Amino acid sequence: MSNWKTLLLRIGEKGPEYGTSSDFKDHIETCFGVIRREIERSGDQVSPYLLQCAEQLPHKIPLYGTLIGLLNLENEDFVRKIVESVQANFQVALDSGNCNSIRILLRFLTSLLCSKVIQPASLIVVFETLLSSAATTVDEEKGNPSWQSQADFYVICILSSLPWGGAELAEQVPDEIERVLVGIQAYLSIRKHSSSSGLNFFLKGESENSPSEKDFVEDLWDRTQSLASNGWKLDSVPRPHLSFEAQLVAGKFHELRPIKCMEPPSPPSDLSRENIGKQKHDALMRYPQRIRRLNIFPATKTEDVQPIDRFVVEEYLLDVLLYLNGCRKECASYMANLPVPFRYEYLMAETLFSQILLLPQPPFKTLYYTLVIMDLCKALPGAFPAVVAGAVRALFEKISDLDMESRTRLILWFSHHLSNFQFIWPWEEWAYVLDLPKWAPKRVFVQEVLQREVRLSYWDKIKQSIENASALEELLPAKAAAAYKYSLEEGKEKTEEHQLSAELNRKVKEKQSARDMMLWIEETIYPVHGFEVTLTVVAQTLLEIGSKSFTHMVTVLERYGQVFGKLCPDNDKQVMLLSQVSTYWKNNVQMTAVAIDRMMGYRLVSNQAIVRWVFSPENVDQFHVSDQPWEILGNALNKTYNRISDLRKEISNITKNVLVAEKAAANARVELEAAESKLSLVEGEPVLGENPGKMKRLKSTVEKTAEAEVSLRESLEAKEALLNRALSETEALLLLLFQSFSAVLKERLPEPTKARSLEDLKSEDENSSAMEVDTENGNPKKRSEIGEREQWCLSTLGYLTAFTRQYANEIWPHMEKLKSEVFSGEDVHPLFLQAIFSALQIPLQ
């Protein structure tokens, strides 16, 4: 990397590039001296790289803004081009709805204001344009209130840029910035309080669920008002431009052109709650809320930090996570060394966990956050590991109220995290969960974490890791041994089924084909013993042969999958096959899930068969004590929608290729026609002017391009037919899924008059049972706060919400069908509808 690039990239950091100095003023002066000379040699390279640094390292924006201010003193033309590039990028971001670019570029423009590069009045115009668009959007007559997420986002962008330039605006254009703030207050008075109950971490709605609780925009407005009343003074934003103020005032101001905001879609003609919910969901997907605060630590841990400083540090952390997601070690290094003068480990942990648990989905996979937390623990060994442990303990105490999807992510993260630190954890602190009923959320959490750990290591290692709480061995899964029905143990009677299994085993070892094996089964086993025995023998034997490893299992399914396919052609028989797989691998949850997933991949079982099996009585009773049924159901839904996504991508690519082929064929025809039109006289007779060889080539090209176009169109038609079939199957799958949820919930939920909310469901059990008392010392025993039936209902409703929220984009196209066949009727329980509607952002009233 060039020296000037390194200086730009590493400005403000401790490192060899700037010697021993860590002073921002020295860094800016050093970088300015080099960049000033470099512009004369390669100015076209400096400008885009400087902008890239500012956009992708936004916590250094004040430094880059000051540097550009100094460059403005000597090279106004260079800085004018930078300002034009920033504004052009800002307009493109507005047109495309690129939330991150809009937010960062507005912050950058505010920083350029501080460096006397742009006119304060120009920035005020930008603020007022955004604010006017927001106010129009939420106006019921002129706009579309369902798209309030877009309006809120524009206001958040204005408020979030003020920590970087509020002081300068208040000093230079006090009346104008006051007008903007009054406009924001007026906007807050006409917008609706945002209550995204289906996206909260906790069922009790510890954030933004109650009208008395402030939503994100209202909270940020309070923080901004507090900042303004404090003279716009804060600790988290460096102000290096003040060191150069005497020089910067001599710079020339550059004007910003007017901007144009993207208009939201028109409101639906039919203002049904489903149509409103669809638009609200689309708006939330386009303009998602960046963070939902967990607040898992006591206020005393961050009491010395101003509310606005907390917001700025959250912005820094989220920006670093976003722009450095491909370099985990660099990401952790920047997160550990933010330009703030106070400690922020607790705030960093809360921000990271808020991203891991973010609903409907985090920006990145859980694995990324796992690696960043691991690197932070290594970078800050004296502080961060204890903070992370404290966060886990705090979340564990609230686990019964945690959203089911967030809880699953927490289990996956925690087990993976421990695997990176020798599985060390003070399990004795949680040994008391053994005194709780098997359905208690805390007990289930510990059980699931230990099961996941076994997957990542081996049984004996995990047993050793809990030796300080050896009683927890009860929650470990059974040692991973297959339950082979036809094993030849001593003293076990050998039946005819044993002999058939042995014969089948021999045929596999002789590498007989699937066709020959099927003939033998149809002639020897099926006529004599019937379907159930045949399926048991075949499934048990083939699963046993493939039990040594994942590779063995895949090989068996590839070679003899046709046998299962021929034996179980319909959903009823496939459900029985799945039961056999579950029985064989009853001691190994992971192998059960992998085997079923592979079977679906080879189309040996359908997604509808998996749904029916998950909701069979043997699994329904496990809904609240094990994640296994939900994991298998989730895998089946994922695979279904991945297929649809792949088909859509293929259709998109083929469509582009068809357009290219059309153009090539048209060009070839034009060339041929042009050649044919050239006539000349030979011996008095008109003949083609082009030579015969060229004509032959042109005709061949026309034929080939036409064939290529036809071939691509046929391929496109085939893919579209596959997609239509997949979408039709998806509709049937969704109907079955929601009907199955409705049926099992209807059997166990209390009467609607007794439970119309989750709080009613909890209080019903609390009222019916008193706390048990330990007769030896008079203390209350540690026991679950809720009964088994109520916990089953809460868990099942929680997973219903999770699946609905996760696949909302695929559910909406089939909403009319679902509404008419599943969601309407007098016998539909209100809690069933509440779980679905909250996930889809449909108003309950």
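Select Arg 107 and Trp 164: the charged end of Arg 107 sits over the ring of Trp 164, 4.2 Å from its centre. A charge sits over a ring if NZ of Lys or CZ of Arg is within 6 Å of the ring centre and within 35 degrees of the ring normal. This is a predicted model, where local features need pLDDT of at least 70 and side-chain atom pairs pLDDT 80 or more, while totals for chains, interfaces and linings use all residues. Residues are numbered from 1 along each chain as its sequence is written, and side-chain values use heavy atoms, without hydrogens and water.

Next, select Lys 573 and Phe 531. Lys 573 lies over the face of Phe 531, at 4.9 Å from the ring centre.

Now turn to ring pairs. The structure holds 35 aromatic pairs (rings of Phe, Tyr and Trp, its six-membered ring, with centres within 6.5 Å; planes under 30 degrees apart count as stacked, over 60 as edge-to-face and the rest as tilted). Select Phe 353 and Trp 413, an edge-to-face pair with 4.9 Å between centres and 85° between planes. Phe 353 is in helix α14 (residues 345-356) and Trp 413 in helix α17 (residues 404-419), 60 residues apart; helices are DSSP runs (H or I) of at least four residues, numbered from the N terminus. Both Phe 353 and Trp 413 are buried (under 20% relative accessible area, with a 1.4 Å probe and protein chains only).

Then select Phe 615 and Phe 623. Their ring centres are 5.5 Å apart and their planes at 90°, so this pair is edge-to-face. Phe 615, at 10% relative accessibility, counts as buried, and Phe 623 counts as buried at 2%.

Conventions:
Helix = DSSP H or I, 4+ residues; strand = E, 2+ residues; numbered from the N terminus. Buried < 20%, exposed > 50% of the residue type's maximum accessible area, 1.4 Å probe, protein only.
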